[in-house]
Amino acid sequence: MTRANSLQPPRLATWLLDQFSPVLQNAPLAGDLMEAFKQGRSSSWYWRQVFGAILIALPSLLRKQWGCLAYAVGCSGLIQAAWFFMIPTAEHDSALPQVFALYAKGYAVQWPWSLVYQIAVLTAFQFVIVAVALGSYFAFSRMLNPQTYFEHSWLSSSCWRVVTWPLRS
Amino acid sequence: MKTGNHISDFELISMLVLLRLGDGAYGVPIAREIEEQTKREVKLGSVYATLERLEEKGFVVSELGEPTPERGGRAKRYFRVTKQGMREVRETRQILIRLWQGVPELGGGRL
């Protein structure tokens, strides 16, 4: 029989579990772990349970959220690639000379404003890429969801019929 | 020939534990009972994953209780076996008994 444990479970493990709670969608699990710990389970047991819960939930999360994951990977890769080709190196010229010229203006400004300027240009550049990627993602996910696609098509064609009805009649 | 969901050994164990515990079965006692009966440490995460899978199949239902301070304000989730789940357990038992009877090395169905 285990002795009752009046201490709180490891804070870091609880924090980690709370971070994953929206993913795990299982607050009762966190409550069960806390209750079992207070009934005398060890800290190492608690850690093992937390890691186990997260690892077990991951495949299901990846299955449910594969679109978001693909978007995150694709978008991160796109930003890195765009950044790499925008900055000229000894091997290649800038693929986006106008953007680079805008960025290079920061070199002529005195520090720390040069840093502020270049971070602002970089952020704006990444914002444009993310906006394009996000737009493509929504367009792509709509195409993958036939119900939404057909609803959208039905709505568009209905609106079109209503708008053009006076012309047709 | 019947087609449909088969249950795994851990799903069967979980459903039998739910039946043993009766009303008021939630994560902690379920995991403890499984550990006592199997003599193995179980992950509460895998118990929940299994019970959620059984719930999707319609063999188990769950409901949330009231949040309590001892559990950091988190509610208990109570599970129970449905009639469909009971049928599935009985059918699985019959299948296992038939299979056992065909293997004399395992005692031919005698427990």
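**Reading a strand and its aromatic partners**

A: Strand 2 (residues 77-81) of chain B covers B:Arg77, B:Phe79 and B:Val81 on one face, while B:Tyr78 and B:Arg80 lie on the uncovered face. Strands here are DSSP runs of E with at least two residues, helices are runs of H or I with at least four, and both are numbered from the N terminus. This is a predicted model, in which local features need pLDDT of at least 70 and side-chain atom pairs count only at pLDDT 80 or more, whereas totals for chains, interfaces and linings use all residues. Residues are numbered from 1 along each chain as its sequence is written, chains are lettered from A and ligands numbered from 1 in the order in which they are written, and side-chain values use heavy atoms, leaving out hydrogens and water.

Q: Why does a strand have two faces?

A: In a regular strand, side chains alternate between the two faces of the sheet.

Q: Which strand pairs with strand 2 of chain B, and in what sense?

A: Two strands pair if DSSP finds at least two bridges between them. Strand 1 (residues 60-64) of chain B pairs with strand 2 in the antiparallel sense, over five bridges. In one of these strands, strand 2, B:Val81 is the bridge partner of B:Val60.

Q: How many aromatic pairs are found over all chains?

A: Rings of Phe, Tyr and Trp (its six-membered ring) pair if their centres lie within 6.5 Å; planes under 30 degrees apart count as stacked, over 60 as edge-to-face and the rest as tilted. The whole structure holds eight such pairs over all chains. B:Tyr26 and B:Tyr78 are edge-to-face, because their ring centres are 5.9 Å apart and their planes stand at 75°. This pair links distant parts of the chain, 52 residues apart: B:Tyr26 is in the loop between helix 1 (9-21) and helix 2 (27-38) of chain B, and B:Tyr78 is in strand 2.

Q: Is B:Tyr26 buried or exposed?

A: Buried means under 20% relative accessible area, exposed over 50%, and partly exposed in between (1.4 Å probe, protein chains only). B:Tyr26 has 11% relative accessibility and therefore counts as buried, whereas B:Tyr78, at 28%, is partly exposed.

Q: Which parts of chain B do B:Tyr48 and B:Phe79 tie together?

A: These two rings form an edge-to-face pair, 5.9 Å centre to centre with 65° between the planes. B:Tyr48 lies in helix 3 (residues 44-57) and B:Phe79 in strand 2, so the pair ties together parts 31 residues apart in sequence. Both B:Tyr48 and B:Phe79 are buried.
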